Amino acid sequence: MQILFNKPFMTGREIDYIAKAHGIGKLAGDGEFTARCHRWLEQHTGCNRALLTHSCTAALEIAAILLDLQPGDEVIVPSYTFVSTANAFVLRGAKPVFVDIRPDTLNIDETLIEAAITSRTRAIVPVHYAGVACEMDQILSLAKKYNIAVVEDAAQAVMSTYKGKALGSIGDIGTYSFHETKNVISGEGGAILVNRPDLVVRAEIVREKGTDRARFFRGFVDKYTWQDIGSSFLPGEIIAAFLLAQLEEAEKITNIRLDCWNFYHAHLVWAQEQGLLTRPVIPEHAGHNAHMYYVLLNAKVDRQTVMGKLKQKQVNTVFHYIPLHDSPAGERYGRVSGSMAVTDEISGRILRLPLWVGLTQAQQLRVIDALLTSIQEAMSA
Ligand SMILES: *Cc1c(COP(=O)(O)O)cnc(C)c1O
């Protein structure tokens, strides 16, 4: 029996809520279900204003518009991340400046950020990799010192915290993803968390095609008009209905995932002591959401061989990211600040293990056994 890498979890309430949205008959965005999702997000994160988007990519694009970036402005990002983290800013004409990551959490190395700051730097975009918090105190104090914005790419970090605060609610702006590969899902989906009160009205306008439709709906203006640049960044009510069912179970989903994560972690101590692999590191002040369980293979082990052997044992694993600084568009649109040694090394060694709601401990034991055997076979080959 194949062990899948990912399997989207359905709570059971999605169809019920979709049927209700269908019954209400208002299928465009910003109806009752969207409002309930906004309320949930605002209550559970403490952000000033939450707005659903059709993806985290869209939320990052709104963030880039809100910052009024001009061509030639610079935005500090890790190279070890998904393309949207950089692409959203390149769309505004800004230049991503890539900074290396920490070898323990694989998050942007906060000690390297200051050296990347120039007179053109407008924002720092920490990515909370695997739902584990970046060093936000240090990042915020640098941002304050140089008067630059912080946009948290919290795509993977729904239900994670830093010193008790929800990730995404700490910087000027935060972004979430509800893509089917994340913890809480709606197929495609996302949200922007606007933490700075002065950005809220403009965020609503940019998200609604550059119009003040949101104020019109609230009765503040009697006609809605074109106010600003913007696009259609909002999901319809069917997606919001699906998402609400998921958000209501977010705590349960997170706890089940944490059980799986902790099971892998406890059962791979021996493998780490034997030098076969390195396990993830969770800093004391990070409350994580078990978005991902990855291992870093011993540098002498060929990952492709290990993955092939795992596949023969019917265990599906994946790796990511091809570092952005090394990719064709990254070379064209960005620049590196300093060495990318950790990024380059980690991206060659990382291996992600199956983790989803419904994965049994028996299956996890099979994954662990297959992994250790495969590594040993690869080492003796
Ligand atoms: C998944 C992800 C995104 C993109 O999310 P979408 O909702 O698919 O647009 C952006 N950044 C990071 C770090 C991600 O993991």
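1. Where does the ligand sit? The ligand sits in the largest pocket, where sitting requires more than half of its atoms within 2 Å of the grid points; a pocket is an open set of points on a 1 Å grid over the protein atoms alone, with protein on both sides within 12 Å along at least five of seven lines. This is a predicted model, in which local features need pLDDT of at least 70, side-chain atom pairs count only at pLDDT 80 or more, and totals for chains, interfaces and linings use all residues. Residues are numbered from 1 along each chain as its sequence is written, and side-chain values use heavy atoms, with hydrogens and water left out.

2. Among the polar contacts (pairs of N or O atoms within 3.5 Å), a polar side-chain atom of Thr57 lies 2.5 Å from a ligand oxygen, a polar backbone atom of Cys56 is 2.9 Å from an oxygen atom of the ligand, and an N or O atom in the side chain of Asp153 is 2.8 Å from a ligand nitrogen.

3. The structure also holds two cavities of 30 Å³ or more, a cavity being a set of points where a 1.4 Å probe fits but cannot get out. The largest cavity has about 70 Å³ of space, and its 13 lining residues (an atom within 4 Å of a point) include Lys7, Phe9, Lys182, Asn183 and Arg257 as the closest to its centre.

4. The second largest cavity, of about 50 Å³, lies between domain 1 (14-247) and domain 2 (250-380), because both give residues to its lining; the domain bounds come from an automatic or database assignment. Trp261 and Tyr294 are among the residues that line this second cavity.

Note on methods:
A polar contact is a pair of N or O atoms within 3.5 Å; within protein, one must be able to donate a hydrogen and the other to accept it, and residues adjacent in sequence count only if both atoms are side-chain atoms. Grid points are joined across faces, edges and corners, and a volume is the space filled by probe spheres set on the points.
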